[in-house]
Amino acid sequence: MLRAAGVEHDVAKPGIDEASVKARHSDPAKLATELAGAKALSISRASSAAWVIGSDSVVSVDGRMFDKPADRVEATAHLRAFSGKPMRLTSAVALARSGAIDWSHAETATLLVRPLSSEFIECYLDAEWPEVGYTVGGFRLEGRGVQLFDSIEGDHFTVLGMPLLPLLGALRDRGIIHG
């Protein structure tokens, strides 16, 4: 998304213990915001980069938060649990500088998962696994994952994993990208 928007950046893997952060939260927005901030801080403290962007997404259905599936069996179980229900996808982004969070933002989209047959789930995972194993919710909206849904309410970029428009505004406000 950043590359397509013309934002020059490097990618680095943060060193954080996500499990300990997840254990402290039952609210998806707070969890996504803290994870995004922890990722940005992890790189900011270890890097000479002036600004660091961190992001994360959390999926919840029926009040239960879901992690990325560990394997195809778990992906199948997740899709069965989502079938016919509204999914809340919360994505957050944070900006860190000099080891401190400067700005953060979270947004939630609601995706109505259509009723999914066992046959559809297996065919879908035959086509999309293992790539969707790296995504919370087990789908890529820009691919066959769009077939999982009857409707989507919320920002497109939030569903893709990062509230991009507010981030671009924050980058412009700080002079990181041209306004």
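Why does serine 60 count as buried? In this predicted model, serine 60 belongs to strand 1, and its relative accessibility is 7%; because buried means under 20% relative accessible area, serine 60 falls into that class. When neighbours within four places in sequence are left aside, the residues in contact with serine 60 are Pro28, Met65, Pro86, Met87 and Arg88.

At its start, a side-chain oxygen of aspartate 27 comes to within 3.2 Å of the backbone nitrogen of alanine 29. The buried residues of helix 2 include Pro28, Leu31, Ala32, Leu35 and Ala36, as well as Lys39 and Ser42. An α-helix has 3.6 residues a turn, so residues three or four places apart point the same way. Among the elements that cover the buried residues of helix 2 are helix 1 (18–23), strand 1 (52–61) and strand 2 (64–66), together with strand 3 (86–97) and strand 4 (100–113).

The last two of these elements, strand 3 and strand 4, run antiparallel and are joined by 12 bridges. Alanine 96 has isoleucine 101, in strand 4, as its bridge partner. The two strands form a hairpin with 2 residues between them, and serine 98 in the turn has a positive phi of about 55°. Strand 4 also pairs with strand 5 (residues 149–153), again in the antiparallel sense, over 4 bridges, and here the bridge partner of leucine 111 is isoleucine 152 in strand 5.

In soluble globular proteins, nonpolar side chains tend to be buried together. The largest nonpolar core of this model has 23 residues, of which Met87 and Phe139 touch the most other members. Strand 1, helix 3 (72–82), strand 3, strand 4 and helix 4 (118–128) each supply at least two residues of this core, and helix 4 gives the most, with 4 residues. Not counting residues up to four places away in sequence, phenylalanine 139 touches Met87, Leu89, Leu111, Tyr124, Val132, Gly145, Leu148, Phe149 and Val159. A second, separate core has 13 residues, including Ala32, Ile43, Val58 and Ala92; of these, Ala32 and Ile43 are among the buried residues of helix 2.

Note on methods. Residues are numbered from 1 along each chain as its sequence is written. This is a predicted model: local features need pLDDT of at least 70, side-chain atom pairs count only at pLDDT 80 or more; totals for chains, interfaces and linings use all residues. Side-chain values use heavy atoms; hydrogens and water are left out. Buried means under 20% relative accessible area, exposed over 50%, partly exposed in between (1.4 Å probe, protein chains only). Contact means heavy atoms within 4.5 Å. A polar contact is a pair of N or O atoms within 3.5 Å; within protein, one must be able to donate a hydrogen and the other to accept it, and residues adjacent in sequence count only if both atoms are side-chain atoms. Two strands pair if DSSP finds at least two bridges between them. A nonpolar core is a set of buried Ala, Val, Leu, Ile, Met, Phe, Trp, Tyr and Cys residues joined through side-chain atoms within 4.5 Å.
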